[in-house]
Amino acid sequence: MKKHIITLFAVSIAMAACTAEIEPQKEGSAPSESKEFIPGPTVFTASIEADPASKAVLDINGSGHPQTFWENGDAISIFTSADGDSHSGTSYKFVTSLGANSTSADFTLDGAKEFGNGMYFASYPYQSNTRGVNFTGSSDTYRMAGLQLPASQTLVAGSFDRKAALAVAFTESGNSLEFKNATALVKFRVAESGIIAGRIEVDPGDAISGTFRADVNTSTKELSLETYGQPTYNYVDFSINGSTPLSTGTDYYVAIRPLTLTSDLKVFLNGNLVKTINSSQLAAVQRNKIYNLGTLSTPANPAQKVLKFDFSGSAKDGWPTADNWKSGPGEKSCTYPLYGTDYSFFLTDCGNASQARVAWVSDKGGLILYATWRYVGLPAIDGYKLVKVSGTMCLGTNSKRKAAIVKGVAATNSGTTIANAHEFVTGGESSGWTTSGTTYTFNLEGTEANTVYYFLCSNTSVGVSDFTLTYVPI
């Protein structure tokens, strides 16, 4: 078992200065597609930017500063301009073989492929997905699309999720790659036992996880992660495995995208808001920095609760798992245990329904409301009111699908309409839930504490792979 150790200077929020940027020397332009094919190097020497991290293995270098190291078996993705100055294709996989962790390592082309000489873009960790790459310097940047920063990260004691350890290298010639950290790290400890999971969140206008494009400035070679129309998220969820408690006195790290903040940064543990950093205190998150939040503890009366209920896996005990599971309205209370608390959902149908048509159906990806006039009663919390409902639609895309948040269940659907039979919560009016994989949000007003509100299928059918419910105290 590897031993991970970090020594960090004590700072209130930000720490760890970046090392100097290394600018590749330009030794000629990239070959055009019309030129004779010239084989490129089959071995690249890759080094890692120091202070603080681009890899999941963290250790101490000879100067006593945080340093990161390549591991045996690591793999990187490399694109070459020999395949076209602007192209979309699958990267070449290069792997390393090491007897011990090292700040510099040789990576060898994996497989018998032709690899052309030119300019090179590289990323860690290796991803086999097809990506667009632009070596022309359009808009003063070289670009590589498709970098994935997970919105759900696995905590590692003294380290961080290697899938989130994004690093990028660019060179205009040669076989040396200077990798730069593409993310920032948020460091914290927990003060109490029983913490299972947490979330770092900003307002929806700010994207801190998702799929981004790496831009490298043609002059300065500075790196940034940019949005470009692909899915992004304003949060990162984290846990060890969803059930194992975090250890007190242990450093944990979460990777987020560097950006200029337009909102506060909030940290939740077990769904409870434990820390808020105002955007005036932290105007921007910079790459290759560690932001030390210190030791986090849960206040007696949290100012906000954000609870994420995941329905994408197997149904929990006591939940119906098929359509038409009962003759007549369902009217079934179902328990969802989360962070040691049992939350109650109420599955039902309009009062004159002939069949119960709300169920947790794993092979359809979530909690399914099979028809109009079907309801899910959302958990009520003593002393708190529901102010936001977000859900990800898991059924196939259909322009007719709609959902709403209402105050009660209709006694009958005979001779009436959805609008006439219900009182919508302000902000919860019937609206499209049309696109598979898209997250839809209702921002609610006028709600009351310890009150059940109902998620309603107001047209066709809808399915949710998850609900994220936000509550605030009265």
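**Entry 1: the sheet**

I began at strand 32, where Gly377 is the bridge partner of Phe346. I took helices (H or I, at least four residues) and strands (E, at least two) as DSSP runs, numbered from the N terminus. Two strands count as paired if DSSP finds at least two bridges between them. The model is predicted, so I held local features to pLDDT of at least 70 and side-chain atom pairs to pLDDT 80 or more, while totals for chains, interfaces and linings use all residues. Residues are numbered from 1 along each chain as its sequence is written, and side-chain values use heavy atoms, with hydrogens and water left out.

Strand 29 and strand 32 pair in the antiparallel sense over four bridges. On the side of strand 28 (residues 332–338), I found seven bridges to strand 29, again antiparallel. Here Phe346 of strand 29 stands opposite Ser333. Strands 28 and 29 form a hairpin with two residues between them. In its turn, Tyr339 has a positive phi of about 55°.

Strand 34 is joined to strand 35 by two bridges, running antiparallel. Ala403 has Ser431 in strand 35 as its bridge partner.

**Entry 2: salt bridges**

I counted a salt bridge where a side-chain nitrogen of Lys or Arg is within 4 Å of a carboxyl oxygen of Asp or Glu. The structure holds 13 of them. For burial I used relative accessible area: buried is under 20%, exposed over 50%, partly exposed in between (1.4 Å probe, protein chains only).

Arg374 and Asp349 form a salt bridge, with the closest N and O atoms 2.7 Å apart. This pair links distant parts of the chain, with Arg374 in strand 32 (residues 374–377) and Asp349 in strand 29 (residues 341–349), 25 residues apart. Arg374 and Asp349 are both buried.

Glu423 and Lys407 meet through their side chains in a salt bridge of 3.0 Å, N to O. Why does this pair tie together parts that are 16 residues apart in sequence? Because Glu423 lies in the loop between helix 1 (418–421) and strand 35 (431–432), and Lys407 in the loop between strand 34 (402–406) and helix 1. Lys407 has 40% relative accessibility, so I put it down as partly exposed.

I also noted one network, in which salt bridges that share partners join Arg199, Glu201, Asp237 and Lys308.

Next I looked up Asp215, which is in strand 17 (residues 209–217). Its side chain meets that of Arg213 in a salt bridge (2.6 Å, N to O). Is Asp215 buried or exposed? Asp215 counts as buried because its relative accessibility is 8%, and Arg213 is buried too.

**Entry 3: aromatic rings**

I paired rings of Phe, Tyr and Trp (its six-membered ring) if their centres lie within 6.5 Å; planes under 30 degrees apart are stacked, over 60 edge-to-face, and the rest tilted. The count comes to 33 aromatic pairs.

Phe44 and Phe115 are an edge-to-face pair, 5.9 Å centre to centre with 85° between the planes. They link distant parts of the chain, 71 residues apart: Phe44 is in strand 2 (residues 43–48) and Phe115 in the loop between strand 8 (104–109) and strand 9 (120–124). Both Phe44 and Phe115 are buried.

Tyr336 and Phe345 make a tilted pair, 6.4 Å centre to centre with 55° between the planes. Tyr336 is buried because its relative accessible area is 6%, and Phe345 is buried at 0%. Both belong to one aromatic cluster, which also includes Phe309, Trp360, Trp433 and Phe467.

For charges over rings, I required NZ of Lys or CZ of Arg within 6 Å of the ring centre and within 35 degrees of the ring normal. Lys93 lies over the face of Tyr126 at 5.1 Å from the ring centre. Arg199 lies over the face of Tyr235 at 4.0 Å from the ring centre.

**Entry 4: nonpolar cores**

I took a nonpolar core as a set of buried Ala, Val, Leu, Ile, Met, Phe, Trp, Tyr and Cys residues joined through side-chain atoms within 4.5 Å. The largest has 46 residues. Among those with the most contacts inside it are Trp70, Ile76, Phe94 and Phe179. A second, separate core has 41 residues, including Ile368, Ile381, Ala403 and Phe467.
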